[in-house]
Structures are given as C-alpha cells and as structure tokens.
Amino acid sequence: MINFECVSITYPGATEPVLTEVNLQIPEGELVLVVGRTGSGKTTLLRAINGLVPHFTGGTLTGRILVDGRDTATNPPRELADLVGVVPQDPMSGFVADTVEEELAYGMECLGLAPDVMRRRVEETLDLLGLVDLRNRPLLSLSAGQRQRVAIGSVLASHPTVLVLDEPTSALDPGAAEDVLAALQRLVHDLNVTVVMAEHRLERVVQYADRIVIVPGDGEPIISGTPSEMMGNSPIAPPVVELGRLAGWQPLPLTVRDARRAAGPLRELLTGHAAPLRIIKGARDATPLIVTDKLTVRYGAVVALKNVSTTITRGEIVALMGRNGAGKSTLLSTMVGLRLASAGVVRTNGKDPREIKGPELVHSVGLVPQDPGDLLEASTVAGECRSSDHDANAELGTTRALLALLAPEVMDGTHPRDLSEGQRLLLALAIVLAARPPLLLLDEPTRGLDYPTKARLVKILRELAATGHGVVLATHDVELAAEVATRVIVLAEGEVVADGPTHEVVLASPMFAPQVAKILAPEDWLTVSEVRAAMIEQVG
Amino acid sequence: MTGSLFTLPRWLHPAAWWVWALGLAAAASRTTNPLLLSLIIAVAALVVFARKPDAPWGRSFIFFLRLGVAVIVIRVGVQLIFGAAFGTTVLLQLPGVALPSWLAGVRLGGDITFESVLLAFYDGLRLATILICVGAANSLASPSRLLKSVPAALYEFGVSVVVAMTFTPQLVADVDRVRTARRLRGRPTRGVRAIAGAAMPVFEGALEKSVTLAAAMDSRGYGRRGAISAAQRRLNSVLLLTGLVAACIGTYALIAAGSPAALGLPMLVVGVSVCITSITWSARTAVRTRYRPDPWALPENLVAGAGVLVALSFLAANWVAMPGLATPSNPPTWPALPLLPLLGLLIAATPALTAPTLPRTIVGELPRIGVPS
C-alpha cells in the first residue's frame, strides 16, 4: 500500500537530511507503529505519506514515495485526500467547522461526494466512534478525548484507505486512550484500513501493532519488523517487555495477559519479599506547603472542583490523576492563583495565592504549564535564561546553571522552538526552579516525552523531593505515577475520590494500575526497577 | 416564545436573518426619532433573545449593545468639544477658542447648548441602532453556516474568511495563555509593558496555528482540481465580485439618505443579474458538494419578508414626508409616533414567533481563564 523507495528528506536550511535512504513497504490492512526519540524524524516520515512534506514544509525529497501507486511528488496532499487521512498531533489545530457534524462532513464536501452518501457516512461515523450524543456540540466545548475521536472520525468519514495518526493518545486519559485504540483496531479488522501511527507510550499501543518501525534519527537507517522481533533488543520498551527481559521469558510477552501467564515462577520468587517503602528518606517533614480546604471552583454552571481538601507537605511527590476534564489542571492553576475559588480556601504560607503578586509568587509556587512552550518567549536559550534570572531576582547565570544540570546538551544559541518537546520542558523547568519555589507543580509533564527524557525527569523530581521540595504532577501516565509518586490523588468530576499512598491507590483500580502491578498482582509491586532490586537481593 | 408556529426546530437560513437585520438597519437610517430608534433596538433585542443560539457567536449581541452606547458617548463628546453650538438653551458656559481660519475655523469649547447636544444624541442613537441591528444578525446567524451558503465561485474567498474567523478567537485564547505565562514567571500582567511583552508570542502563536490549519485543510482535500481550468475559475470570481460590488452600490444608493435614487435601481438590477449568471455557471462545474444545506422555506420567507416590510414602511413614510420621522432639535420638540413605521416595526418583531426554534444542544459553559491583575 505504501512504498518508500530510497527516500531522503532534507529541510530547507538544514545541512543533514532528517531521513536518509528509507526503504519501507507497508502492506494493506496493517497497523504500523512508528517509534523513536523526539526529533528523530517520526513526524516527518508520517507527513511524507500524504505529501505534506515537502509540499507544505518545503525541503527536498529524493527517491520516491508511492501510496497505492500514486507518487507523492506529483500529487499534492489535496489530491491524495481520498486515499490518505491524516490526524494531526493537536486535533484542535486542524478543525475547520464549528460543530461536530459539520466537521465530520467537511472532508467529504471537499471530495465532492453526493449529499445522500455524506448523510449516511456521517451517521455511520458517529456510531463507529460513539459521537452520537455530541453531534450538535460546538467543537470548542469538547474534552480532549472527544476532540481526538472527532478528529479521527472526520478523516475516516471520507473512507481513506490509509490512516496516519501522530500521537493519537498523548493527551488522553487511560480510559479514553483505550477507546480510541479500540476504534482503530476495529477499522483495521473490519474495513481493512492501513494505519500508520506514531506513539511514545508503547505500553498503550504495542499489543495492537502488526509491525513496528523504529526511526533512530541521526541518519541511522530505519529498522522495521514484527513487534516481538523489535522488542527483543529495542532500547525503548514498555514495562511489560522490560519485565519479560529481566525474567528471561521466552517468547517475550507483549501483553499483560501473556506476561501474567508466564509470571508464575517470578511471583513465587518474590513472595514473602517485602515491597519497598515508597518514601523519600530524610526529607519528609510535615511542614505544609499548600493547604486547600473545601475548595470549590466553578466556570458558570460547570463545577470544576468540589470541596477539595488536601495538604501538600515538603518531600512529597503527589500524582494527580483522573480522566480528561476531571479538574486536575484547575486544581493546579488555583494553587498558583490563576483561578478564583468560588468557595473554600487555598493557603500557601498562610496567604491566598491570588493575593501574591509577581516575583513573590514565583518564590513560593512554580507551575510548569501543560504546554511548556507557553513560558518561553525569547529567541535564544541564553536570552531565555537571562530574562528568567531577571524575573526571579536571581543571580545572573542561575537558570543557565540549572539547565546545564537538567539538560546538558542544550546549546545557548538554539531557538527555543527548535528544541525537542522534552528539552523545552526541561528549559521551562529550569526557569521555574530558578526562583527556588518550595512547591513545584507540573501539568502533564510527560506528554510527548520519550523514555530517556522521562527517566531523566524522574531522577530530577526525586532529587527535588529529597532536598525538601514538594512536587505535584497532574498526569495520565500511570507508569510515571507508579515510578515517582509517593502519594496519589484521584479526581473525578472535581471531587477527590481517592487520596493515599501510591501503591494503595493504584493497586485498587485496574485503570490506574501500572503494567507490572497487573502482572504480579496480588503482590505489591509497581515498577520494573523495584522488581530488579528485589531479584538482585534475592540472588545475592 | 417557546415553540415556533410553522416548523420543527431547525436552524434558520442565515441569509434570512441578515435580510431581516439589514431591513431594520435601513429603517433606522431613515429616522432620527428617538422613540422609533429605541423601538427598533427593542425589536432587535426581543428577536435576538427569543432565537439566539447558545454558541460563541450568539453572545456577541451584548458586545454590540455596549458598542452602541460607546458610539453615542463619542458622538456627543465630539459635539461638546468641536461642534458649533446653536439654539438658545445654554446648559453650560465654557471658555472657547476659535482656531485660525486655515484650520477651517474649527472652534474648541465654548457654550454648550441643549439643542446641539440633543442633535448629537439623535445622530449617535441612529448610528448605534444601525450597529445593533448588525449585531443582531451576527448573533442570530452562524457565520460558518452563512459561509456554507456562499456560492461556489466565491469559495476561495470564503475560506480566507474562515481562517480569519478562527484567527480572532485563537488570538483571544493566546492572549490569555501568554498572560498566564507572564504571571507564572512573576511578571506584571497589566500595563503597557505587559502588552508589549505579550504581543510577539501571541502573534507568532496565532500565525503558526493558521498555517497548521491551512495544512490540515489541504490534507483533507480542500482546493482539489475541478473540471474547469484555473483561468476560468478566476474569471468567474471576478465576474461575481463585480456583480456583488454593483449590487452593494445599488442597495446603498437606494437606502442611504441623500443619494440619487436614479442610480440605485439600475445598478442593483445589473449587479444581481451578473451574480446570478456567474453562480449558475460555476454551480455546473464545481467539485464541492454541500452537506445538509439550509433550506429556504416558509419561515425564511417570513423572516426576510418582515425585514423587507419594515424597511419599506420607513421608506414610504419618508417618501410621503410623513411628520414625526425626523425629530427637530431646534427648538426641541417631543417626538411623535407616526403610524406607518409603527406598523412596520410590529411586523419586524414577528420573527420572534415565526422563526423556528433551535435544535437542542447540550453545551457546557466554555472554561474561561481569568488572570488576576
């Protein structure tokens, strides 16, 4: 269906090609997963399939890309629209109409389908993706998960034979991600659609893939193969695969179910071995950094937070979980005084964060927003660091020194926009930390982060907690929460439904349980590193 | 005001709302009677609150009301500062400066008379009423539905408007985002420096988003080659635009006070016929199809008809020089209520009943980001 023949792509102004001599055949009806570090050229590979690269981005393409026999060099994206559907990373950015139903019909209108065909297909698509109740809703009022499903539906309605998705689950909570992936799998099975998908969260998608393509970046050749082949020695792997490698299971399991069937001996080995206590030693004292009491926040008729009472103390890492729209971001922004409490109180150091102005605020609470790029506005990394020192009244060079610790590879002269997603996050983190706030809040820090950057972030957060900071992170990433959090708060409909030590909360619900916990249940293990430590102790 | 008399709940054709609102605006342009103008605003408000959708654009009416108040205030203010005073009822005596003759003898300050303030108020009220009528159309008719009814020959133009329309809300969202970011970095969120600091990232962000949108539209098939050549399509667009301009000039000449009526009608007829030719021509060759186009049926005729009738009633009253349409301000007289325009206004209020109610949507309030100062 899709043939890459010796394809190299160089962007204008770049000296090195992003992709070098790619040879790749994707047969019809396969679900292909594209993985690789951020900035390795995954998105370029995806966008080349419908000709957005180079028709829209500029640059030179050598070699040939054929989609169902059509050459992308001579067919611009609009001429391939009947064949290839592309769902961009941020679905909102691609919406054209203003209600769900019209958005679904837009592509078909452009292709000139007959009105009765359009009518039928819109109804079918609404059913297929469970959007019937949303049909008249303005797109602006949808949650992230609903937007993602509308975006998929809107390209699906014109019945493309190839569907290209860039990180379709990165903004979704675990439940919504499962819905979207289930819908994709149904397409592959029932309609023989070829799906090409890039995704960082392998633990969510690897079991659905027929084939994995690894884009290593830096001019290295692309490797592709079946999931079990590729996972055997891939440097990036989901926890289920890592556990399998650690325990030496053959064949390597890719799903929790397969792993559980192989895990009998491991469970026995670990029985009686106490799971480690997840407290960051030495730093924990009961000094409260922020206290909320019966906090309620409303937007018009919508109640975003309802009677939330909680205390964050020094040395804690609290993971804030819950589905899209549960009130996680609202809680964080109320803690920095961006929103007004309709009832109840927030106090940090005995003060309402809304009353704290300017520099004083950044010295008490720091928030890294969902899109860390929002914080950046200078044209170079060095300039950003200088203005951050100025904002924080810190000694010149403070931010730069922090950044050197967090991300040593970032160069002074780089434009923040050219940094990878992970580097941008670390830069924003350095800026926030420059003011030395005792309380650090992070909103969805792992969206679009690859495993190495995530591991680095985990290390940084642990060190911060060990030096007496309090950290709150809102996240959908159950593996991250299991890895780093000392406490988990689960929000639903703006209310706290669970608040307790990590292992108690995540083990109590299959939705929030990490893969290792599911495999080794009923034993109390959360991460591969815990199991590894226990095994070493056992053997030694 | 819950149910409609004629149809099941559905969206009214946006063009019908525009015809109705422009009819009201044309009526407003013919009078300075404050009673009639207030009644026109009341009619517009009545219909808007009976039939406006719960959508972002539906909330724009309040904005136009405020704009109207601002227009009146500015008009009266200008009169106070620059306007030559006339009449005898002096409200306030101020020192005046007569500027030299090479500045066209403009006078600053001076006595403020009741008559001149009243004249400025009537004038401002008329302009405000016209604006509010446009605001009514804005909040009743979905802009994107209106664009869907734009003829195929003008489609390219329509898309530019779509992009421009997403640009503005996007810009507002970005301003919020940047202000949030400034607070998070401990910077002032108000004042000149804050605005200057925010301008660049906001503009960059909005521009970037528009480019992403263009890429998304392209990959969904926008602008696919049709059966006609590019040259033919361009010719068609030129024809249609010329026709529209001619029609606009014709309409303006017909409704605007003080322009030759002889120019109006022929221009309108020529313009409309050129448009129709171009539209039928392009309809035969268009690739694009339309999903559930809004029908034009009885309710549309009733709503548009109400607009036409109210405009006609004012035009006719003006034609026969019916007393009461203009209220003299020197000497000040209590405004009268002429019968014919009153009847027209009664008809103009009927869309509150005859327009279909809207299909039910479950819409949550959109979250707003509020940054404290």
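A:Asp71 lies in strand S5 of chain A; helices (H or I, at least four residues) and strands (E, at least two) are DSSP runs, numbered from the N terminus. The model is predicted, and local features need pLDDT of at least 70, side-chain atom pairs count only at pLDDT 80 or more, and totals for chains, interfaces and linings use all residues. Residues are numbered from 1 along each chain as its sequence is written, while chains are lettered from A and ligands numbered from 1 in the order in which they are written.

A:Asp71 is partly exposed, with 13 other C-beta atoms within 10 Å. On this scale a residue is buried if 20 or more other C-beta atoms lie within 10 Å of its own, exposed if 12 or fewer, and partly exposed in between, with C-beta atoms placed from the backbone. Leaving aside neighbours within four places in sequence, A:Asp71 is in contact with A:Arg64 and A:Leu66; contact requires that the C-beta atoms of two residues, placed from the backbone, lie within 7 Å. A:Gly51 is 20 residues from A:Asp71 in sequence, and the C-alpha to C-alpha separation is 9.0 Å.

Strand S5 belongs to an open sheet of 4 strands in chain A, ordered S2-S1-S4-S5, with antiparallel pairing. Strands S2 (19-26) and S5 (70-71) of chain A stand at the edges with a single partner strand each, so one side of each has no neighbour in the sheet. Two strands pair if DSSP finds at least two bridges between them. Within this sheet, A:Asn3 stands opposite A:Gln25 in S2(A). Helix H1 (residues 42-49) of chain A lies across S1, S2 and strand S4 (60-67), running at about 125° to S1(A). Axes are lines fitted to C-alpha atoms, for helices over the stretch in contact, and angles run from 0 to 180 degrees between N-to-C directions.

| Strands | Sense | Bridges |
|---|---|---|
| S1(A) and S2(A) | antiparallel | 5 |
| S13(A) and S18(A) | parallel | 4 |
| S18(A) and S19(A) | antiparallel | 6 |

Strand S18 (residues 487-492) of chain A has 5 of its 6 residues buried, so it is largely enclosed by the rest of the structure. A:Val488 in S18(A) stands opposite A:Ala319, and A:Leu491 has A:Val496 in S19(A) as its bridge partner. The hairpin of S18(A) and S19(A) has 2 residues between the strands, and A:Glu493 there takes a positive phi near 55°.

Helix H3 (residues 100-111) and helix H4 (residues 115-128) of chain A pack at about 130°, with axes 10 Å apart. H3(A) and H4(A) are therefore oblique to each other; angles under 35 degrees count as roughly parallel, over 145 as roughly antiparallel, 65 to 115 as roughly perpendicular and the rest as oblique. The contact is made by A:Glu101, A:Leu104, A:Ala105 and A:Met108 of H3(A) and by A:Met118, A:Arg121, A:Val122 and A:Thr125 of H4(A). By class, this contact has 5 nonpolar, 1 polar and 2 charged residues; Ala, Val, Leu, Ile, Met, Phe, Trp, Tyr, Cys and Pro count as nonpolar, Asp, Glu, Lys and Arg as charged, and the others, Gly among them, as polar.

Between the chains, 58 residues of chain A are in contact with 47 residues of chain B. H3, H4 and helix H13 (358-364) of chain A are the elements giving two or more residues to the side of chain A that touches chain B. H3(A) gives the most to that side, with 8 residues. By class, the side of chain A that touches chain B has 35 nonpolar, 10 polar and 13 charged residues.
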